[in-house]
Amino acid sequence: MARNSYLFASESVSEGHPDKVCDMISDAVLDTFLAADPYARVACETLVTTQQIILAGEVRGPASITPDVLEQVARNTVRQIGYEQDGFHWKTCDVKVLLHSQSADIAIGVDSAGNKDEGAGDQGIMFGYACRETDALMPAPIYYAHKILRDMAQARHSGTVKGLGPDAKSQISLLYENGQPVRATSIVVSTQHDGDLSSADVEGIVHPFISNALPSGWLTSETDFYINPTGRFVIGGPDGDAGLTGRKIIVDTYGGAAPHGGGAFSGKDPTKVDRSAAYAARYLAKNVVAAGLGDRCTIQLSYAIGVSRPLSIYVDLHGTGNVDENRLSEVLAEVMDLSPRGIRTHLGLNKPIYARTAAYGHFGREPEADGGFSWERTDLADALRSALA
């Protein structure tokens with residue numbers, strides 16, 4: 001039986017969080033390869049700690065992209081984020097590039113040859129989700145947790161606010177009634193700051209971002225606020241905590257409101273279905289909801305390494321739908337080629353569009369003119385309605 005009233009929370013982290021620094025570097029490396037060769041293969045993992053950046057993984061791409069080029073990519077990314085601290089500075093940190101050639105055994109399974117189409121880069125299950133809680137068809141807790149931090153980062157970069165550092169986290173707990181969010185019960189924001197700012201100073205800076213991000217009426221006298229609850233957050237970023245690529249997969253997707261298949265996104269080229277099929281599943285789920293076929297939609301796709309077609313397609317409308325879910329599963333495969341090549345072609349994924357995805361969520365963003373966030377389009381809605389008429 002569905003619950004009528006409950007609390008649900010999601011968290012976000014900023015671009016300066018150690019794990020997000022790694023995601024951004026890994027995706028900047030990917031973009032560098034794809035800008036030189038749209039069919040380059042990249043699986044780049046990044047580790048950061050005090051004054052250290054380490055790149056590791058497998059690549060196949062132009063010889064012109066040397067370790068020196070990739071070192072500069074890493075430094076430029078850290079500079080863009082804003083780290084110029086004694087314990088982590090874009091100019092003085094040590095950068096090790098340990099990337100090597102892609103495994104020939106993996107390449108055999110993925111590459112097309114003769115009558116064989118390109119196969120998936122690995123086995124796995126991928127999920128997509130959409131709902132009517134926000135205009136972006138995203139769950140409200142993760143959507144607004146991202147918005148608070150993204151607005152703070154934009155103000156920091158523009159110089160509109162002073163004294164905040166790159167590292168920050170947010171967490172929002174919302175009260176749901178009859179399945180819909182109605183108000184915030186608690187807001188947590190922790191942000192790195194200059195040492196001369198008091199707790200009151202930081203609260204004064206942060207509160208307007210919370211108020212401006214959330215819908216009118218969601219903040220009440222009963223809302224609990226926790227701004228830098230430890231009282232001090234001067235040492236942050238990789239100097240305060242080590243970071244790794246791919247450790248924020250729930251932040252990257254739906255904030256825990258929907259399943260996640262387990263694979264991370266950043267640093268992976270679009271032959272890796274961990275990334276591209278998760279984008280396709282979101283695209284399909286969003287179009288299902290946009291087409292009015294249900295108020296909530298979860299889609300699961302599964303793949304095997306070296307096999308081009310998905311092994312299964314599962315759709316759940318969570319009791320909100322007006323069509324047969326089994327028939328909808330069939331229609332989804334009819335309106336979109338869900339092979340790795342088909343996904344890349346339909347969504348235009350062989351482009352340097354990934355660094356921008358690495359922070360503040362891969363989903364719920366606006367489609368961009370150059371093909372960024374193409375999986376957020378709703379251009380399949382009419383086709384879905386027609387096929388199910």
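**Cysteines, burial and pockets**

User: Why is the sulfur of Cys22 too far from the closest cysteine sulfur for a bond?

Analyst: The closest cysteine sulfur to that of Cys22 belongs to Cys44, at 9.6 Å. The cut-off for a disulfide is 2.5 Å, so 9.6 Å is too far for a bond. Keep in mind that this is a predicted model.

User: How many disulfides does a search of the whole structure find?

Analyst: Zero, going by the search of the whole structure.

User: How do you know whether Cys22 is buried or exposed?

Analyst: Buried means under 20% relative accessible area. Cys22 comes in at 0%, so it's buried. Cys93 gets the same label, because its relative accessibility is 1% and the cut-off is 20%.

User: What makes the phi of Asn228 worth a look?

Analyst: Asn228 isn't a glycine, yet its phi is positive, about 45°. Asn228 sits in the loop between β10 (224-227) and β11 (243-244). Its relative accessible area is 7%, so Asn228 is buried under the 20% rule.

User: What about the phi of Tyr360, and where is the place of that residue?

Analyst: Tyr360 also has a positive phi, near 70°, and is likewise a residue other than glycine. Its place is in the loop between α9 (340-347) and α10 (381-388). With 8% relative accessibility, Tyr360 counts as buried.

User: Which residues touch the most other members of the largest nonpolar core?

Analyst: Val29, Ile53 and Met336, out of 107 residues in that core. Helix α7 (residues 273-290) gives the most to this core, with 11 residues. As for Ile53, its contacts beyond four places in sequence include Ile25, Val48, Phe88 and Cys93.

User: How much space lies in the largest pocket, and which residues lie nearest its centre?

Analyst: About 540 Å³. The lining of the largest pocket has 19 residues, with Tyr6, Tyr129, Glu133, Gly179 and Arg296 nearest the centre. Strands β1 (5-13) and β7 (124-131) are the elements that give two or more residues to the lining. By class, that lining has eight nonpolar, six polar and five charged residues.

User: What volume does the second largest pocket have, and what are the classes in its lining?

Analyst: The volume of the second largest pocket is about 330 Å³. It is lined by 18 residues, and Tyr143, Arg150, Gly364, Arg365 and Glu366 are closest to its centre. Helix α4 (residues 140-158) gives the most to this lining, with six residues. The lining has nine charged, six nonpolar and three polar residues.

Definitions and conventions:
Residues numbered from 1 in each chain as written. Predicted model: local features only at pLDDT ≥ 70, side-chain atom pairs only at ≥ 80, totals over all residues. Heavy atoms only, no water. Buried < 20%, exposed > 50% of the residue type's maximum accessible area, 1.4 Å probe, protein only. 1 Å grid on protein atoms, 1.4 Å probe; cavity = no way out; pocket = protein on both sides within 12 Å on 5 of 7 lines; lining within 4 Å. Points joined across faces, edges and corners; volume = space filled by probe spheres on them. Helix = DSSP H or I, 4+ residues; strand = E, 2+ residues; numbered from the N terminus. Nonpolar A, V, L, I, M, F, W, Y, C, P; charged D, E, K, R; others polar. Core = buried A, V, L, I, M, F, W, Y, C linked by side-chain atoms within 4.5 Å. Contact = heavy atoms within 4.5 Å.
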